[in-house]
Amino acid sequence: MVPRPLLQPLVPRLRRLLPGLAMSSATGSFSLQQPLNYRGGARLQPADGGQVEEVYEPATGRVIAKLLCSGEKEVDLAVQSAKAAFKVWSQMSGMERCRVLLEAARIIREQRDEIATLETINNGKSIFEARADIDVSWQCLEYYAGLAGSLAGEHIQLPGGSFGYTRREPLGVCAGIGAWNYPFQIACWKAAPALACGNAMVFKPSPFTPISVVRLAEIFTQAGMPKGLFNVVQGGVATGQFLCHHPDVAKISFTGSVPTGVKIMEMAAKGIKPVTLELGGKSPLIIFSDCALENAVNGALMANFLTQGEVCCNGTRVFVERKILDTFTKEVVKRTQKIKVGDPLLEDTRMGALINRPHLDRVQNFIKQAKEQGAQVLCGGDLYVPDDPKLKNGFYMRPCVLGNCTDDMTCVKEEIFGPVMSILPFDTEEEVVERANNTKFGLAGGVFTRDIQKAHRVVAALNAGMCFINNYNVSPVELPFGGYKASGFGRENGRAAIEYYSQLKTVCVEMGDVESVF
């Protein structure tokens, strides 16, 4: 454990990042008076709106900032600012954009600890995890910086010396709408490919976690991007609607719930705008009896308890071959009971606080309903109150493992989005594949087995966009990420994302005379 005095050197660096900040790095002392909108290269209050949302520190339950929601006028100003910057950015070469993205990645890497601390304070996840998120963020920028200079069309030879070629062109102003579980990382996942392709972006983070994305906008400006290229508007549903309906927004990328994704798709359809939807999941994790048991247990913990279980691709339906059900369950319960819950800024904490009180209550209701339907709570599931008095109003619970589960239970069918693992036995490969696919979701899936042929056979049969073999929740930026069915469509990360942030123009060149049929 790192004692509090060792965290104090972060204080002056955080004050440099946020000049209006009044805080120490200790949990429970953060407050922010700075504006949370970013437009034209500066923080500012929205031009209209007026609705105020309170922003919480999950670890303590304290209000740490007041969020002014952006109205239609502010959204329009942000889009127009992005539109003006787009004219400059889109005319730069890929190598020029590459250098700016690399500089932004360098700044993020240099400020990793400070940004991670902001993320932890606003999101509630452990500082250990937050640092990993920031690493993924700068790696994402570096990856797309590398691709920016390689974006190209192709030349096609036609008869008689004629030829054609294609141009890959940016879309214009893209709207990014982020989620609260990975605020900074999701913003980078959306911004990096969009900017590499020559687009501008207006980003709306979740009103629960508005703080760190504004820092990203400042970093982009510091790195040399045209002012206004990446703007931030804050707010809830109404702000998002203004952004989606805006006639100058060319594309919408959304991460969040299925119901909200449906509404965004409806709004985009009215403007014939392409969308990328990264939605919910209820992913299967299949544990065969020939697995390496310790590795499978590690995988199950990674698949369920990262970020307090608030991860869309989590493998929360853990199917275990009956031969090893008791052994596997016993080991998972033992390991789960050892997970340290508490102050997320302490180095040895592995599970922090859930995002807010309503969400904590929702997760608790799922556990209550599971018990009523016959599931057995093998460990955890209860509220947790840390010994530190300043944490007594935080949103904590102990990670939960449910046994005696069946496929028809609500806890098995619905996305809980909390630290709740459901264990289900199976007997045959054919049976478990059919049960694994029996869901409206299709975001992810995992298989643990020493039989590599079986592993590839099973993942080929899974109706899921992101599959893992003998690991889980590993998402390198080089690999596309996205789902099937109600889990959305489009892809983030990898070369695939370029397709969703650019458009293809075909040019046909005739080298002879036009042969008229008239």
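**Strand pairing, core and overall dimensions of the predicted model**

Tyr56 stands opposite Val63 in strand S6. The model is predicted, with local features requiring pLDDT of at least 70 and side-chain atom pairs counting only at pLDDT 80 or more, whereas totals for chains, interfaces and linings use all residues. Residues are numbered from 1 along each chain as its sequence is written, and side-chain values use heavy atoms, with hydrogens and water left out.

The pair Tyr56 and Val63 belongs to an antiparallel arrangement of strand S5 (residues 49-57) and strand S6 (residues 62-70), joined over 7 bridges. Two strands are taken to pair if DSSP finds at least two bridges between them; helices (H or I, at least four residues) and strands (E, at least two) are DSSP runs, numbered from the N terminus. The hairpin of S5 and S6 has 4 residues between the strands, and Gly61 in this hairpin adopts a positive phi near 80°.

An open sheet is formed by 3 strands in the order S7-S8-S22, with antiparallel pairing. Its edge strands, S7 (155-157) and S22 (502-509), each pair on one side only. Neighbouring strands of this sheet are turned by 20° against each other on average, direction ignored; axes are lines fitted to C-alpha atoms, for helices over the stretch in contact, and angles run from 0 to 180 degrees between N-to-C directions. S7 is joined to strand S8 (residues 163-170) by 3 bridges, and Gln157 stands opposite Phe163 in S8.

The largest nonpolar core comprises 160 residues, and those with the most contacts inside it are Ile108, Phe230, Ile287 and Phe328. Such a core is a set of buried Ala, Val, Leu, Ile, Met, Phe, Trp, Tyr and Cys residues joined through side-chain atoms within 4.5 Å; buried means under 20% relative accessible area, exposed over 50%, partly exposed in between (1.4 Å probe, protein chains only). Helix H6 (residues 127-148) supplies the largest share of this core, 12 residues. Leaving aside neighbours within four places in sequence, Phe328 is in contact (heavy atoms within 4.5 Å) with Ile287, Leu293, Ala296, Val297, Ala300, Val318, Val320 and Ile423.

Overall, the protein contains 17 helices and 22 strands, and 59% of its 518 residues are buried. The C-alpha trace spans about 80 × 60 × 40 Å along the principal axes. The radius of gyration is 24 Å, which agrees with the value near 24 Å for a compact globule of 518 residues; this radius is taken over C-alpha atoms, and the globule rule is 2.2 Å times the number of residues to the power 0.38.
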